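I opened the model to look up two things.

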2 protein chains.
Amino acid sequence: MKLKEFAKQLGLSPTTVSRALSGYPEVSEVTRARVVQEAVRLGYRPNVNAVRLKTGRVGAIGVVMGRAGEFHFAEFMAGMAERLVTEDTDILVIPMANPESDAEMQLYRRLAESQRVDAIIVHSPRPNDQRIALLHELGMPFLVHGRSDIDVPHPWLDIDNEGAVRRATSHLIDLGHTRIAMINGRQGATYALHRDVGYRSALQNHGIEVDPQLIANGNFTDELGFRFARSFLEQPKPPTAFVAGSMMTALGIYRAARSLGLQIGSDVSVIAHDDVFPYLTADNMVPSLSATRSSMRAAGTRCADLVLQLLAGRSPTEIHELWPVELILRESTGPVRALRT
Amino acid sequence: MKLKEFAKQLGLSPTTVSRALSGYPEVSEVTRARVVQEAVRLGYRPNVNAVRLKTGRVGAIGVVMGRAGEFHFAEFMAGMAERLVTEDTDILVIPMANPESDAEMQLYRRLAESQRVDAIIVHSPRPNDQRIALLHELGMPFLVHGRSDIDVPHPWLDIDNEGAVRRATSHLIDLGHTRIAMINGRQGATYALHRDVGYRSALQNHGIEVDPQLIANGNFTDELGFRFARSFLEQPKPPTAFVAGSMMTALGIYRAARSLGLQIGSDVSVIAHDDVFPYLTADNMVPSLSATRSSMRAAGTRCADLVLQLLAGRSPTEIHELWPVELILRESTGPVRALRT
DNA sequence: GACCAAATTGAAATCGATTTGGTTATGAAA
DNA sequence: TTTCATAACCAAATCGATTTCAATTTGGTC
């Protein structure tokens, strides 16, 4: 059913019908009510593509998905979905072939110019992230989930990675640990950098020297958690505590410790970052996992909200949200023990 | 830059330019080459919304995302993305508020009628799934990931859940197990039903009575795996083996067994279904997990491929793919032991 | 050189809405 | 009674492409 046809059935002009449905004030309330009611009855719905062409709005927020298909991603999107379900906005997932800088920039450029989305959410930004410069230059509304140092104004939402890791590390130091290993995310992203800074500053605040042999970077997988932890623990001077970037990493660390006959919480302490997943909870691990916690889902919800505000006209330059991160102590952390000989 | 303007700069009509870029044969090769080249140079790209309005094609595949935000989902989408990255097609994720049947149907109806997507992928279908009837009736192209009994022709791709679980269960029986617990997915979806059938038929084939006390249904979480396993193991006549629906469930079972001082692989055997995640692998669990395996990512890739074929005109009625599932035996399964007293 | 088919190119209609710039009632003020 | 503001509605232009139908050019044949 087209507008023209529908309007004719109502004995009104397309103009009035369109206005009635879009809530313009120049239509009498009684007419509007009738139009709305009849639209439902006759099943008239404006053609989305015609509306988009005419208004220039799309009703979609773009998210670029790397190949990695990280488990965080689904949570973030679920969070976005929670917020967007009441709006008439959906999520466009754009696959990214390879994250080599050149193709990536091309992708963002095409996306921005193609008018397929009203706004873009940029994930895992790097310190000097050219995507941000590009989107700013193109005038495409965007929100950065994470932070960047780049000298271009941009709205962002981030969690306090540095503070979280500093607290976690300091806590371990307070427990007497001095050899604390750090299994961080992949190098390059700002969040990994921030966590690194938090880790180093905690050590330095307490006069402990940073040992590069105890620092590793890589994807958040059980596999890497195991491999790194295992190799650390097999060093002549093994760590007595771990700070880890994800729950999956923590699973790997647990496994490595067990495989060497070490007790988590007494022989080895572990604090990991928990993005809060419905299917795997820190509290349920054995022993329960001490964690820095921040809900990825909540971040998704809030990001969606902020993007909507952005599209409604809120100034991008005033959107900067830094979320504090909880530190929740459970059984996986304890005072340092004398080393085995 | 608009078509009209661009055409003028080239000294051609919009018609010819449009044809040149869309690859129509009525344009001389030399003209086409020039148009394509200039389009790149001057940065002309057809307005997506105008194209959509005119052609009725959208270049997007719709996927409805439940609130659960399951971890499988991200893998499936990553798989889709892998296939779609070379096409000019993206993925539209539509948030679903609450899965109560009525609102759900409304959502699918709106989605189908709104022309926002060219096709829809239906997930976790139920035996009598009205979504399928609806989409069929509306003439919206769709592909079912999973299967349904509904009396409406529909293209689908599914894995052999029944066969997988039958093999897994039979294998456990061959190892001497007779009390085999089944921790299945949520009731309602066909796949859970098929797995249930596979489980029961294996038992019955070997003359073992089904004990309803050993069957549980629920979300694929570590938490539920633990709770169910724990309650089963505390029964007067505990199971000596488990068949479980997911890796997360298996983690919970491992934990439950450990908490009771039971050795996985000797005291208790476990086989779980592994959707193949990059961040958590069955092989890496301790002890390594015997699993029925089928790549969720590969399914996503293939589903995207099939949808593209569908859109290219392939008949929906001839698309039925049933993927076999591997059974990979590792350390978590072993011959039954005499029960503790 | 005339003729005709094939190869190219264009003008204008079209997709289905929104919105600008009116026009017509209505009722209050002069 | 006239005037004028306001409320309510409408005709037609517009968004930016695709595509139908018609016009022109090209090249081969007689």
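I sorted the surface near DNA strand C by class and got 10 nonpolar, 11 polar and seven charged residues. Near means that a heavy atom of the residue lies within 4 Å of the strand. Ala, Val, Leu, Ile, Met, Phe, Trp, Tyr, Cys and Pro count as nonpolar, Asp, Glu, Lys and Arg as charged, and the others, Gly among them, as polar. The model is predicted: local features need pLDDT of at least 70, side-chain atom pairs need pLDDT 80 or more, and totals for chains, interfaces and linings use all residues. Residues are numbered from 1 along each chain as its sequence is written, chains are lettered from A and ligands numbered from 1 in the order written, and side-chain values use heavy atoms, with hydrogens and water left out.

Which residues come nearest to DNA strand C? Of the 28 around it, I noted Leu3(A), Ser18(A), Arg19(A), Tyr24(A) and Asn47(A). On the DNA side, 58% of the atoms within 4 Å of the protein belong to sugar or phosphate, the rest to bases.

Next I checked polar atoms. Thr15(A) has a polar side-chain atom 3.2 Å from a base oxygen of DNA strand C. Ser13(B) uses a polar backbone atom, 2.8 Å from a phosphate oxygen. H4(A) gives the largest share of this surface, five residues. Helices (H or I, at least four residues) and strands (E, at least two) are DSSP runs, numbered from the N terminus.

I then turned to the two chains. Contact (heavy atoms within 4.5 Å) links 53 residues of chain B with 52 of chain A. In chain B, Asn49(B), Tyr279(B) and Asn284(B) lose the most area to chain A, together 14% of what that side buries. The chains bury about 4,500 Å² between them, 60% of it on carbon and sulfur atoms. Buried area is the accessible area (1.4 Å probe) that two parts lose on being put together, summed over both.

How many salt bridges cross the interface? The rule finds two. It asks for a side-chain nitrogen of Lys or Arg within 4 Å of a carboxyl oxygen of Asp or Glu. I logged Asp90(A) with Arg116(B), at 2.4 Å, N to O.

Last, the strands. S2 of chain A (residues 90-95) runs antiparallel to S2(B), joined by three bridges; DSSP pairing takes at least two. Leu92(A) stands opposite Leu92(B).

Note on methods: A polar contact is a pair of N or O atoms within 3.5 Å; within protein, one must be able to donate a hydrogen and the other to accept it, and residues adjacent in sequence count only if both atoms are side-chain atoms.
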